[in-house]
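Hi everyone, thanks for coming.

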Amino acid sequence: MAADHGPAAAPLRCGPVPRVGSRPGPFPACAGPCPRRAPPLTRVCLSGPRPGLCGAGGREPGAAPRRAIGHGRVAVELDSSAGVAVMKMENLPVNSLSLDFLTEFLISLEKLENDRGCRGVILTSGAPKIFSAGLDIMEMYGKSTEHYAEFWKAVQEMWLRLYQSNMVTIAAINGSSPAGGCLMAMCCDYRIMAENPKYSIGLNETQLGIVAPFWFKDTMVNTIGNRATERSLELGLLYSPPEAHKIGLVDQLVPEEKIQSTAAAVMSQWLAIPDHARQITKSMMRKPTVDRLLAHRESDIQNFVSFISKDAIQKSLHMYMEMLKQRRG
């Protein structure tokens, strides 16, 4: 639940988290375009053509333009011809899940959900050697109880939106993914990890003296089963790519240079299934887990605020940050 990084300069807020406290409507039982989605949004390319993606002129010959619709901490590029967006986390240096990052992430995800031209999202990292280091410790240390509550509500909302997204979601895990980063990956429909022995993935909260919330636990149980989750959470285990693949925490291992092309190929397989059938099936599988958090959302926030405000927990976080400073020495 904590990120392996140090303090970063406080960036400008980009507005409130969209519709915090709500969630997307039920998965539609429709054979045609999803009725809950609004007409396509008008896009402005904010970053210009990107080498290797859009070509020198901003598009591939004979193909629809790839629209860059994100900026800042979350870069999003939508391939209109394929109906697939690549959402790249760029909250450097380690893609920590800060309140500002979560706000931008939710806004970007909502825009894609509302775009009829987007049916799938590949979630990946623009940071070297790291997918996401998890929740930003600075959001949990030395702040007011009001701030802790706002932050935790944003974390909940990220999980609710990503875990029950109508789109096909594929995690292209091109770096280490501890704690909250692992949670994001588990939210996706399919997980592909780079086969690099230096990378690891898992919910390692107990190593920092923090307890993973029940919905973190539920997500992992749904992914790897009860016994493997019990052992993983009690010991705060981080798994190598082969170990993660063996227990089902990730679905596929590939060489790092092939992770994006593999994600695109897997996406095409998932998109071959009629949307309405896939969406209803996904809802059937995940709704009980989602409903459990929704039924206990406010108490979960209060539990987090009470826990993180304890002197012992604040002391543990302080010691962890000091250790990180010494590492960077």
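Let's start with a term: a nonpolar core is a set of buried Ala, Val, Leu, Ile, Met, Phe, Trp, Tyr and Cys residues joined through side-chain atoms within 4.5 Å. Buried means under 20% relative accessible area, exposed means over 50%, and partly exposed is in between, using a 1.4 Å probe and protein chains only.

Quick housekeeping: this is a predicted model, where local features need pLDDT of at least 70, side-chain atom pairs count only at pLDDT 80 or more, and totals for chains, interfaces and linings use all residues. Residues are numbered from 1 along each chain as its sequence is written, and side-chain values use heavy atoms, with hydrogens and water left out.

Okay, the core. The largest nonpolar core has 83 residues. Met-87, Phe-105, Leu-123, Trp-159, Ile-201 and Leu-249 have the most contacts inside it. Which helix gives the most to this core? That's α2, residues 145-163, with 10 residues. Helices here are DSSP runs of H or I with at least four residues, strands are runs of E with at least two, and both are numbered from the N terminus.

Now take Phe-105. If we skip residues up to four places away in sequence, Phe-105 touches Val-74, Met-87, Leu-123, Met-158, Leu-162 and Met-184. Contact means heavy atoms within 4.5 Å.

On to charges. Side chains of opposite charge can pair when their charged atoms come close. We call it a salt bridge when a side-chain nitrogen of Lys or Arg is within 4 Å of a carboxyl oxygen of Asp or Glu. How many salt bridges does a search of the whole structure find? It finds 12.

One of them joins Arg-286 to Asp-189, with the closest N and O atoms 3.7 Å apart. Arg-286 lies in helix α8 (residues 275-295) and Asp-189 in the loop between α3 and β9, so the pair ties together parts that are 97 residues apart in sequence. Arg-286 is buried, at 13% relative accessible area, and Asp-189 also counts as buried, at 13%.

Asp-291 is partly exposed at 25%, and Lys-287 is partly exposed at 42%. Salt bridges with shared partners also join Arg-119, Asp-275 and Arg-278 into one network.

Next, helix α10, residues 311-328. The expected span of a helix is 1.5 Å times one less than its number of residues. The 18 residues of α10 should therefore span 26 Å, and its end C-alpha atoms are 26 Å apart, which agrees.

Which residues of α10 are buried? They are Ile-313, Gln-314, Leu-317, Tyr-320, Met-321 and Leu-324. Seen down the axis, the buried residues of α10 fall within an arc of 120 degrees, so they line one face of the helix. That arc is taken from the directions from the helix axis to the C-beta atoms. The buried residues of α10 pack against α2 and α9. On the other side of α10, Asp-311, Ala-312, Lys-315, Met-319 and Gln-326 are exposed.

Last stop: Asn-91, which sits in the loop between β3 and β4. Is Asn-91 buried or exposed? Asn-91 counts as buried, at 10% relative accessibility. Leaving aside neighbours within four places in sequence, Asn-91 is in contact with Arg-73, Ser-96, Ser-98 and Phe-101.
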